[in-house]
Structures are given as C-alpha cells and as structure tokens.
Amino acid sequence: MSYENILFSIDAGIARLTLNRPDRLNSFNEAMHVEVRDALDRVRDEPAARVMVLTGAGRGFCAGQDLSDRAVAPGEEPVDLGDSIERNYKPLIVALRSLPLPVVCAVNGVAAGAGANIALACDIVIAARSASFIQAFAKIGLIPDSGGTYFLPRLVGAARAMGLALTGDKLSADDAAQWGLIWRCVDDGQLQPVVDKLLEQFARAPTRGLAAIKEALQAAEGNTLVEQLDLERDLQRVLGASDDYREGVAAFTAKRPPLFTGR
Ligand code: T3D
C-alpha cells in the first residue's frame, strides 16, 4: 500500500511512523486510519523491527478525529461514533499496545482528543517542552475515547483524571511529566536527539525480553498478585530459553558488551 497521510520506514531495526497531515494538526481521517493500520501490521509482521517511534509532522502531534469529516450540522443524520470507534480507534489502540516491541511516542506538539490518548497508549512518551495534552472531548460533548478513561486514572490518579477530562484544559508537557502522565519532557531542540538515542538503545536490546516486560506490566493492571506471579514465572521460563538471555549472561561473565539479536 502506498501512503499519502503518513510517512513510514523500517531501517536498522527502527520503524518510524509519522502522522503527516500537518495543516490539520495530523488529525485522523478515514484514509489515515487505513494507512496507520497497514503500517502497524507491517511492524508486527517484520522480524527485523526492534522498536517503533510514533510522531507527528509539523507543529502538532495529533488533534484526534478530523472534525471536518463529521457532517453533524443540525438537521443532518447523526454520525455513528460507536462505529467509528469500533472500526478505527479501538483497533489502533489495541495494535499499539500489543506490538511485540517497545513503542516510543515523540510528542512534538499539541496532542488533543484521541491524539492525546494515542500517545498515552505508547510505551514510552517523550514530549517537547512546547507540547501539550488536551482531553478536548468534553468541549464537544464527548467522553475521552481511545483508552482515555482507562489510561488517565491509572497514570495520574482519579482526581487529576477527572479534572483533565471534565475541563478539557490544556496540560503542559512539563506538568504532564511531573504528574506521571508521560516519561519525560525535554527542550524542543532535544526531542530528536533524546528520542534517537533511545531508539538506538532499543534497536540493540533483547527485544523478546522487552516485549515480555510490556506484556507483564499491562497484565498487572487487571491481575491479582498470585496471577501476576504466575505470569512472571511463565514469561521467565520462555525467556530463559531465548538466545538473548544466553548472550546476556555470556557477555556479563566474559565482561564484554552483549550482542543481542532480538531472538
Ligand atoms: O468522531 C469520531 O470518530 C469519534 C472519535 C473522536 C475522537 C476525537 O479525537 S474527538 C476530539 C477531536 N479533536 C478536537 O476536538 C480538537 C480540535 N482542535 C483544537 O481544539 C485545536 O485545534 C488545538 C487545541 C488542538 C490546537 O489549537 P491551535 O490554536 O494551536 O491550532 P488551530 O488554529 O486550532 O488549528 C490549526 C488548523 O488545524 C486549523 O485549520 P485552519 O484554520 O488553519 O484551516 C484547524 O481547524 C485545524 N484542526 C485542528 N484540529 C482539527 C483541525 N481540523 C480538523 N479536525 C481537527 N480535530
């Protein structure tokens, strides 16, 4: 499939997906959903991919749903937003969460509506200091979707989740980092180098182990302690038979840097 709304490449173990509708702050239309889905399928199915980065072109990260795609003037037939979520946003969030590699989100500018929650669905979120997070839904009579009602209370607690969701107020990248909504906030000029360094690190990391860490931490959201201990046992058993575990221990013992293959 050729892409018109995203930029996509896989090179040296790094998959790069850039939302590319800058004049609409990279908001999602139907075509962009189809392209992003296709790209995420390719990342999932490409064994050479060891890490993925999601970012936006231009001054914004993503402003959620393209509202100019919604014919909802008084008198018009209503749009079935449930259908939109089922076909587009839900599969997108599930795909991001279940990719068997780390997904880094480089938030280069405003992340609003579903755009904010797509960022939160990624494993590590690094934002430029000028970026911001806006649960814009309340301002148009909707609820936070794309996992917003799931991620927000877990990341920042009930009180802050409720405040962000009910007001739709802008949260600066600095505050987002201080509140624990995201991993880091960096100066604008540092976003690219900091993200690139992390991508290099993950592209050489024991990928199966990182995928299992992601699986275990996600499962912990709903597991009892005993269920989680069982999962840790099962994942550790599988990883103990991996090439990268053997390489990690061999390299440690030989006091040399490890050469992980992702297998
Ligand atoms: O519908 C469904 O399928 C259900 C699922 C819904 C998921 C959702 O995401 S609902 C929430 C949708 N998003 C929003 O409500 C955010 C709307 N945008 C804004 O509030 C503001 O644009 C921002 C706060 C994000 C940024 O403000 P600012 O002042 O930096 O930029 P701007 O001037 O508002 O926007 C720049 C351009 O992008 C502008 O176009 P123009 O005037 O230059 O031709 C603006 O219209 C356009 N734009 C921004 N966001 C959207 C958009 N165009 C279409 N859809 C957008 N969401």
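Predicted model: local features only at pLDDT ≥ 70, side-chain atom pairs only at ≥ 80, totals over all residues.
Local features need pLDDT of at least 70, side-chain atom pairs count only at pLDDT 80 or more, and totals for chains, interfaces and linings use all residues. Residues are numbered from 1 along each chain as its sequence is written, and side-chain values use heavy atoms, with hydrogens and water left out.

Side chains of opposite charge can pair when their charged atoms come close. The structure holds 16 salt bridges. A salt bridge here is a side-chain nitrogen of Lys or Arg within 4 Å of a carboxyl oxygen of Asp or Glu. One of them joins aspartate 196 to arginine 16, with the closest N and O atoms 3.6 Å apart. Aspartate 196 lies in helix H7 (residues 191-203) and arginine 16 in strand S2 (residues 14-19), so the bridge ties together parts that are 180 residues apart in sequence. Helices (H or I, at least four residues) and strands (E, at least two) are DSSP runs, numbered from the N terminus. Aspartate 196 is partly exposed, at 25% relative accessible area. Arginine 16 is also partly exposed, at 31%. Buried means under 20%, exposed over 50%, and partly exposed in between (1.4 Å probe, protein chains only).

Other salt bridges lie within one helix. Lysine 90 pairs with glutamate 86 at 3.5 Å between the closest N and O atoms. Both lie in helix H2, four residues apart, about one turn of the helix. In helix H10 (residues 243-253), arginine 246 and aspartate 243 are three residues apart, about one helical turn. The closest N and O atoms of that bridge are 4.0 Å apart. Glu30, Asp83 and Arg87 are linked in a network of salt bridges.

Lysine 214 sits in helix H8 (residues 207-220). Lysine 214 counts as buried because its relative accessibility is 9%. Its side chain makes a polar contact of 2.8 Å with that of aspartate 123. Such a contact is a pair of N or O atoms within 3.5 Å; within protein, one must be able to donate a hydrogen and the other to accept it, and residues adjacent in sequence count only if both atoms are side-chain atoms.

The structure holds three aromatic pairs. Tyrosine 150 and phenylalanine 151 form an edge-to-face pair, 5.5 Å centre to centre, with 85° between the planes. Rings of Phe, Tyr and Trp (its six-membered ring) pair if their centres lie within 6.5 Å; planes under 30 degrees apart count as stacked, over 60 as edge-to-face and the rest as tilted. Tyrosine 150 is partly exposed at 31%, whereas phenylalanine 151 is buried at 6%.
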